[in-house]
Amino acid sequence: MPMQIWRAIYPMGIHFGISQIVAYAGLYFLVLRNGGNKDAYYGQVMMLTGLTGLLALIPTLFFYKKDLAARKYGGILKEKRTRKLGFWEGILLFFMGGALAQYINMIVNILLMGSDASMKYQNTVERMTGGKTLLSMILWIGIVAPLAEEAIFRWLVFLRFRDNLRLITAAILSGVMFGIYHGNLVQGIYASILGTVFALLLEWSGSLWGSVLLHMGANIWSLISGIAAAYIMENEERIMVWGMLALGLLILTVFGMRYFYKKYTGRNRIREI
């Protein structure tokens with residue numbers, strides 16, 4: 001059992017090690033060479049996060065391919081290849097990710113409203129995103145980071161837990177690991193819930209891209225929702241539109257969860273990844 005746990009969690013160490021190398025290199029070149037100005041480092045945190053993800057993908061994909069071969073050889077997987085998502089299924093997952101981000105953020109904000117943890121997190125986010133273009137934030141935080149994090153936490157951590165545990169247990173464990181790894185209370189609660197749902201839908205969809213599209217939708221929605229909300233709140237008519245949009249996202253998510261779960265049960269809960 002200890003070896004099974006170690007096998008499931010050490011991929012986080014790979015990502016952490018690469019992130020430390022990238023971070024210290026960033027500190028040296030961006031801070032020490034700029035007269036100790038820490039703002040120079042914070043100004044490039046998103047790019048450094050994306051670079052960490054790209055570098056982490058190299059060993060992650062290597063280990064995933066080894067795992068996949070072992071699962072096929074050992075009979076864990078009956079199918080020869082992962083399921084391909086339909087175009088509209090991909091669109092559905094993307095918008096479900098946005099809806100999950102919206103409502104889980106609301107829950108976390110209510111739970112931690114006015115707390116020191118919430119204030120510190122908001123200050124950190126403002127320092128990281130200040131002066132950035134929306135396009136650059138979408139690239140690094142909305143596309144690159146989700147791909148890398150899904151490869152680590154779902155394709156390796158979750159699927160390795162899943163090799164020896166029931167689906168719900170593996171999903172919760174990997175989700176909690178995902179939350180803890182973020183290193184602060186606000187993101188810890190948010191990421192734990194999201195990570196658990198991502199893991200469930202990864203198996204239900206039968207496609208590696210299932211959780212990636214969810215994660216991309218969640219991050220991109222988080223980036224643009226603040227801008228959209230500020231515009232909408234300027235008058236009462238737009239507030240009605242925002243409310244209808246939020247309700248529509250909730251309905252879409254309920255529909256999507258039922259849709260993918262029915263497909264999963266329709267194939268007798270046979271694991272395909």
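Biologist: How many aromatic pairs does the structure hold?

Modeller: This predicted model holds eleven aromatic pairs. Take F94 and F95: their ring centres are 5.7 Å apart and their planes stand at 90°.

Biologist: What makes the pair of F94 and F95 edge-to-face?

Modeller: Two values settle that. The centres at 5.7 Å fall within the 6.5 Å limit for a pair, and planes at 90° are over the 60 degrees asked for edge-to-face. The pair is therefore edge-to-face.

Biologist: Which residues do ring pairs link into a cluster?

Modeller: That cluster is made of W6, Y10, F62 and F63.

Biologist: Let's turn to the overall fold. What does the secondary structure come to?

Modeller: Ten helices and zero strands, so the order from the N terminus reads α-α-α-α-α-α-α-α-α-α, given how DSSP runs are numbered. Of the 273 residues, 42% count as buried. Among contacts with a separation of 6 or more, 79% join residues 24 or more positions apart.

Biologist: How do you know that the length of α5 agrees with what its 14 residues should span?

Modeller: Helix α5 covers residues 116-129, and at 1.5 Å a residue it should span 20 Å. The end C-alpha atoms of α5 are 20 Å apart, so the two agree. After α5 comes G131, with a positive phi near 80°.

Biologist: Why are α6 and α8 called roughly perpendicular?

Modeller: The axes of α6 (residues 134-162) and α8 (residues 185-205) cross at roughly 70° and come within 11 Å. The class roughly perpendicular takes 65 to 115 degrees, and therefore α6 and α8 belong in it. On the α6 side, E150, R154, F158, L159 and R162 take part, and they meet G195, F198, A199, L202 and E203 in α8.

Biologist: What makes H215 buried?

Modeller: Its relative accessibility is 4%, and buried means under 20%, so H215 counts as buried. H215 lies in helix α9 (residues 208-232). Leaving aside residues up to four places away in sequence, H215 touches P146, E149, E150, R154, F178 and F198.

Biologist: R154 and F178 are both on that list. How do you know that R154 lies over the face of F178?

Modeller: R154 is at 4.4 Å from the ring centre of F178, and the limit for a charge over a ring is 6 Å. The direction has a limit of its own, within 35 degrees of the ring normal, and R154 is placed over the face of F178.

Biologist: What is the phi of N268, and what is that of R269?

Modeller: Phi is near 60° for N268, a positive value in a residue other than glycine. R269 has a positive phi of about 60°, and R269 is not a glycine either.

Biologist: Why is N268 called exposed, and R269 partly exposed?

Modeller: The cut-off for exposed is over 50%. N268 has a relative accessible area of 64%, so N268 is exposed. R269 has 46%, so R269 is partly exposed.

Definitions and conventions:
Residues numbered from 1 in each chain as written. Predicted model: local features only at pLDDT ≥ 70, side-chain atom pairs only at ≥ 80, totals over all residues. Heavy atoms only, no water. Phe/Tyr/Trp six-rings, centres within 6.5 Å; stacked < 30°, edge-to-face > 60°. Helix = DSSP H or I, 4+ residues; strand = E, 2+ residues; numbered from the N terminus. Expected span 1.5 Å × (residues − 1). Axes fitted to C-alpha atoms, helices over the stretch in contact; angles between N-to-C directions. Parallel < 35°, antiparallel > 145°, perpendicular 65-115°, else oblique. Contact = heavy atoms within 4.5 Å. Buried < 20%, exposed > 50% of the residue type's maximum accessible area, 1.4 Å probe, protein only.
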